[in-house]
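Please read the following points with the model open beside you.

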Amino acid sequence: MQAVLTNANIAGNNLTQTLERLFSDIDTADNMTKNAIENDIVRFGAEAADFLVDKVRTAKGPQRGVAAMSLIRIGEDSIEPLKEKAVQDKEFQWIANYLIREIAGR
């Protein structure tokens, strides 16, 4: 887990760079490390929501799963970015609606 935290600290103030670095480690990470990466991502809260919405739209496999779960864990702050992207991308609407329902607890 320490390696994950170190990666986040290396990037400094550049949130996108930090998130990209964290996501680059997901595909080869074991489950414990994936959980640690997800926890690090969730700590960024609303600041990471736009990045995560884009990851859900473009990533595959474990990266997509971590992005989706991170949005759900961030909660209410994820809803507006999801709605905005769903309006722009009709194919993304069902995914956004699903995530919003998960966040709202319905």
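1. A term is needed before the first point: a crossing of two helices is called left-handed if the near helix is turned anticlockwise from the far one by less than a right angle, and right-handed if clockwise. In this model, which is predicted, the crossing of α4 and α5 is left-handed. The residues that make this contact are A49, L52, V53, K55 and V56 on the side of α4, and Q63, R64, A67, A68, S70, L71 and I74 on the side of α5. Sorted by kind, the residues of the contact of α4 with α5 comprise eight nonpolar, two polar and two charged ones.

2. Two packed helices are described by the angle between their axes and the distance between the axes. For α4, which covers residues 49–58, and α5, the angle is about 140° and the axes are 8 Å apart. Because only angles over 145 degrees count as roughly antiparallel, α4 and α5 are classed as oblique to each other.

3. How many aromatic pairs does a search of the whole structure find? The search finds one, and the pair consists of F23 and F51, whose ring centres are 5.6 Å apart and whose planes make an angle of 55°, so that the pair is described as tilted. The pair links distant parts of the chain, since F23 belongs to helix α2 (residues 15–24) and F51 to helix α4, 28 residues apart.

4. Are the two partners of this pair, F23 and F51, buried or exposed? F23 has a relative accessible area of 1% and is therefore buried, and F51, with a relative accessible area of 14%, is buried as well.

5. Leaving aside its neighbours within four places in sequence, E38 is in contact with V66, M69, S70 and R73. One of these, S70, also takes part in the contact of α5 with α4.

6. The last point concerns E76, which lies in the loop between α5 (61–74) and α6 (79–88). E76 counts as exposed because its relative accessibility is 58%, and the cut-off for that word is over 50%. The C-alpha atoms of E76 and I100 are separated by 8.5 Å, although the two residues are 24 residues apart along the chain.

Note on methods. Residues are numbered from 1 along each chain as its sequence is written. This is a predicted model: local features need pLDDT of at least 70, side-chain atom pairs count only at pLDDT 80 or more; totals for chains, interfaces and linings use all residues. Side-chain values use heavy atoms; hydrogens and water are left out. Helices (H or I, at least four residues) and strands (E, at least two) are DSSP runs, numbered from the N terminus. Buried means under 20% relative accessible area, exposed over 50%, partly exposed in between (1.4 Å probe, protein chains only). Axes are lines fitted to C-alpha atoms, for helices over the stretch in contact, and angles run from 0 to 180 degrees between N-to-C directions. Angles under 35 degrees count as roughly parallel, over 145 as roughly antiparallel, 65 to 115 as roughly perpendicular and the rest as oblique. Contact means heavy atoms within 4.5 Å. Ala, Val, Leu, Ile, Met, Phe, Trp, Tyr, Cys and Pro count as nonpolar, Asp, Glu, Lys and Arg as charged, and the others, Gly among them, as polar. Rings of Phe, Tyr and Trp (its six-membered ring) pair if their centres lie within 6.5 Å; planes under 30 degrees apart count as stacked, over 60 as edge-to-face and the rest as tilted.
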